[in-house]
Amino acid sequence: MDRVQKLNLVGLSKADYAAAPSTLCKGCGHNSIANQIIQVCYDLSLRPQDVIKLSGIGCSSKSPAYFLGQSHGFNSLHGRMPSLGTGALQANHTVRAIGVSGDGDTGSIGLGQFKHLVRRNVRMVYVVENNGVYGLTKGQFSATAEYGQDLKYAGHNDFPPIDVAVEAIVAGAGFVARSFAGDAKQVRELLKAALSYRGLAVLDIISPCVAFNDEDDSRKSYAWGRANERALQEIGYVAPQDEIVIDDYDPGTTRVVELHDGSRLTLRKLEADYEPNDRMRALERLQRGEQQGELVTGLLYYDDSRPSLAEVSGFGATPLSELPDDLLRPSREALEGLLAAYA
Amino acid sequence: MGVQEPLSSPRVGPEAAAIVNDFSIAVATANGTGSQTANLTLLRSFFKMGIPVHGKNIFPSNIQGQPTWYHIRVSRHGYIARRPPELLVAFNAATIHEDVAGLPAGGVCVYNADIRHSPDRTDLTYYPVPVKELLEGVQVSGKVKDYIANMTYVGVVAHLLGVPLEVVRQALEHQFGGRAKLVDSNFDVVLRSHAWAQESLRKLDPYRVEPMEATEGLILMTGNEAGALGAVFGGVSVAAWYPITPSTSFIDALREFLPRLRKDPEGRPTYSVIQAEDELAAIGMVVGAGWAGARALTATSGPGLSLMAEFLSLAYFAEVPAVVWDIQRVGPSTGLPTRTSQGDVAFAYGVGHGDTKHVLLFPSSIEECFEFGYKAHDLADQLQTPVIVLSDLDLGMNNWMGEPFAYPDRPLQRGKVLSAEEVERLERFRRYADVDGDGIPYRTLPGNQNPRAAWFGRGTGHDEDARYSERSDDWWRNMQRLDRKFQTARGYVPQAVIEEVPGARLGVVCYGTTRYAIEEARDALAMQGVALDVMRVRALPFGPEVEAFVERHDDLLVIEMNRDNQLRNILRAELPQHAPKLHGVGYIDGMPLTAEWVERQVLGHLNGRAD
């Protein structure tokens, strides 16, 4: 048996990105996503010490315990990961942040904080593991569940869904993607792109709940996702040091997006007329997908013109958390000078 | 215009002994008319004359047009508690009747003669001021004219009390930060009004000011400014907040001081201030920043603190430093947003569910606001827990005299934070292990480059290694350690200030700004032969000196500004053996206590009457 482990550019093996074994159900979409996060961080040669993991409360929010065991993490409060992450990233704007939330965490209790996180453009990857159902409390509908759905425990859903991607686009997010836990390659490429993005990157990933919402006719099930996924593009992530190699490059069908850190994204169009640079178009496509029973996936919207919160804040290279004391406490003379005006 | 004849025969005429530097003035106006500038000009004039002074803004929760009062107390003895005013400046038609009715016999009423009002009390001295007439020929227009109209009473009061005009000008210069045009136009009205008063009013009341030297070297500042300045010198680098009276001016001050004092050599900010979408997010940002290693604070008041309960519970349990300034107003609920109280003590002490407990600090002065401003961050870091500073509206929003603040006497206390090298030297880093026996564990910060430094923060049950645990023994052991840490805190927090005298019949216990009324009452009672010991508690959990004070007194009276005797109840619960002798008198109506009220309560208690 070959026991030699391949090392990445920072000399780490894939095992160095692993963490505690998952306690989620076998077959849960969230486990697949956690595995893709491990793979992507290994592939990108990120140092775990330069990454923080954040989450709220729920099945999805448990999952940061299951990847990147050498990264600091915080499994916080239900729906409050955005504010916690905002504070953490203002304290240290030099780390990368991977946030994992769920549809209850983001679509219900945390919708307000989510919208404001988008508005502030905090530099983090915000993954919504979206399964339309509350797992830990045993099967209630979430706000993303489809209109009119019937579930054994929850009964009939009388209300239309909140679309997390639509909310992100409307709130001004510059990176909004939708994916499907059953489409591992697409999840990986989108995660890589998201980690290279300048500000807040929202990934709404349909991630089936095998315990409560995986009937074939459910729009959050594996079967329905596989049958109805309509990918807008075939996505390829190209690291800054790598060359773009595209067979049959045709500017009409393939688009290259330059990301903030020098990496690039190749988007081979699967829908000829879709360009991910038009908010209204993105909303229209999502709406049409919803009406036609399609799971529209891919990079829905991209715009990197808006600075992140850290950029707006004008920080220097050293994070606030690592500033020396003499920059944190002004001098005795400064105090005396200021007080003189109050005499 | 001829000399005004007295409209009544005051009981105290000009022949009566002058009352010098010992009275209170109430200025009644409508809010949003710029009267605050006029009031602060008067306040600072007295201060510049060397007379101990304090001003209280009693304002409505409103932007424009509602009644507002400003109380100024001058006291040659240095007493600055609220005292019902003897002098009234009545410039608000809506309240003039009630304001005049509230004056004591022998009082003085300076009023806007344009208000239709018939002076109807024979035991007052009235001075009508023809405001419109005085403003004729003043070269300003519109709203500015309304603002500047208030300067008429500044001029008249300056004349009646004997405030030198050059002092008023200095006060105006301070008020307008030296903007000459504004100083000139306002001072012009002061001069006109002063000249008119000199010529037209016959001084018939006994109240006067004379220069003293009691404010030499002192500063005049609000508690919110002082607290914010303390935080700046405490290295606060992330502040997140949601606007709420009366805490907003804390953040305003922070946003004024930080850009002046906290830039790195390249001129970049060493701080971040974020206006959050609500208090849940504000405290979330603070806890996130604290976890990541920055010193972080939020400022709020009761309704905001209610919203912060879940994050404060998390921060207690996950052991994350955070500083919360609660500038107390009157609750429950929205309550009286612009009135003062000490109503949040019980809630703040345990805000959060389960066995959550927090460290509280009780500043009583601008010096303590500054000192606790930086010490709160030291304590939060040392104890890895939220520290809640319980100020109040009276302290936070009003101007108080104080000594220039002492520069912090020791460097920032960052507590048990391990560097990458320190982790390397350990056999194993265990986030929640009680290595030193004081209940305080070691932590590492995100960005620590040692691969063994990471830990996973969580509000769920955890073991010493921060791993998820539902084990009963893990839970109990952790909660016992957290309690051990809380006991350790008793030795870290500011000690109570205790003043004892021979022959005292009663031990009075207080905290925060009630000290001013209590100290004045203590002195007055001492003159009557009733000696009091006074202990001013400055933190919870309290240190051993508090228990010792309670121990050596047979009769104690805890005086506080809330209905339910909140601190008294905490003392009773934590010192059950002394519970029967811990009496309490709690009162809350939105106004700061007066010495006269305290005196009555103490005498009532000693005479065996019910609270």
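A: A helix axis here is a line fitted to the C-alpha atoms over the stretch in contact, and angles run from 0 to 180 degrees between N-to-C directions. This is a predicted model, in which local features need pLDDT of at least 70 and side-chain atom pairs count only at pLDDT 80 or more, while totals for chains, interfaces and linings use all residues. Residues are numbered from 1 along each chain as its sequence is written, and chains are lettered from A and ligands numbered from 1 in the order in which they are written.

In chain B, helix α5 (residues 151–161) packs with helix α7 (residues 180–200) at an angle of about 45°, and their axes are 7 Å apart. Helices (H or I, at least four residues) and strands (E, at least two) are DSSP runs, numbered from the N terminus. The two helices are therefore oblique to each other (under 35 degrees is roughly parallel, over 145 roughly antiparallel, 65 to 115 roughly perpendicular, the rest oblique). α5(B) passes α7(B) in a right-handed crossing (the near helix is turned clockwise from the far one by less than a right angle; anticlockwise is left-handed).

On the α5(B) side, the residues in contact (C-beta atoms, placed from the backbone, within 7 Å) are B:M151, B:T152, B:V154, B:G155, B:V156, B:A158, B:H159 and B:L160. Those they meet in α7(B) include B:N186, B:V189, B:V190, B:L191 and B:R192. The residues of this contact divide into 9 nonpolar, 7 polar and 1 charged (Ala, Val, Leu, Ile, Met, Phe, Trp, Tyr, Cys and Pro are nonpolar; Asp, Glu, Lys and Arg charged; the others, Gly among them, polar).

A second pair in chain B is helix α1 (residues 35–48) with helix α6 (residues 165–175), at an angle of about 125° and with axes 8 Å apart. That angle makes α1(B) oblique to α6(B). The crossing of α1(B) past α6(B) is right-handed. Among the residues that make the contact are B:T37, B:L40 and B:R44 of α1(B), and B:V168, B:A171 and B:H174 of α6(B). The contact of α1(B) with α6(B) has 5 nonpolar, 6 polar and 2 charged residues.

Helix α8 (residues 223–233) of chain B is mostly covered, with 11 of its 11 residues buried (20 or more other C-beta atoms within 10 Å; exposed is 12 or fewer, partly exposed in between). Among the buried residues of α8(B) are B:E225, B:L229 and B:F233. After α8(B) comes B:G235, which has a positive phi, near 80°.

Chain B also has strand β11 (residues 272–275), with B:S272 and B:I274 on a covered face and B:V273 and B:Q275 on an uncovered one. Strand β10 (residues 238–241) of chain B pairs with β11(B) in the parallel sense over 4 bridges (DSSP must find at least two for a pair). B:V238 stands opposite B:S272.

β2(A) runs parallel to strand β18 (residues 456–458) of chain B, joined by 3 bridges. A:N75 stands opposite B:R458 in β18(B).

In chain A, A:P240 is in the loop between β12 (233–238) and β13 (254–258). A:P240 counts as exposed because it has 10 C-beta neighbours inside 10 Å. Apart from neighbours within four places in sequence, A:P240 is in contact with A:D261, A:G262 and A:S263.

Methods. Contact = placed C-beta atoms within 7 Å.
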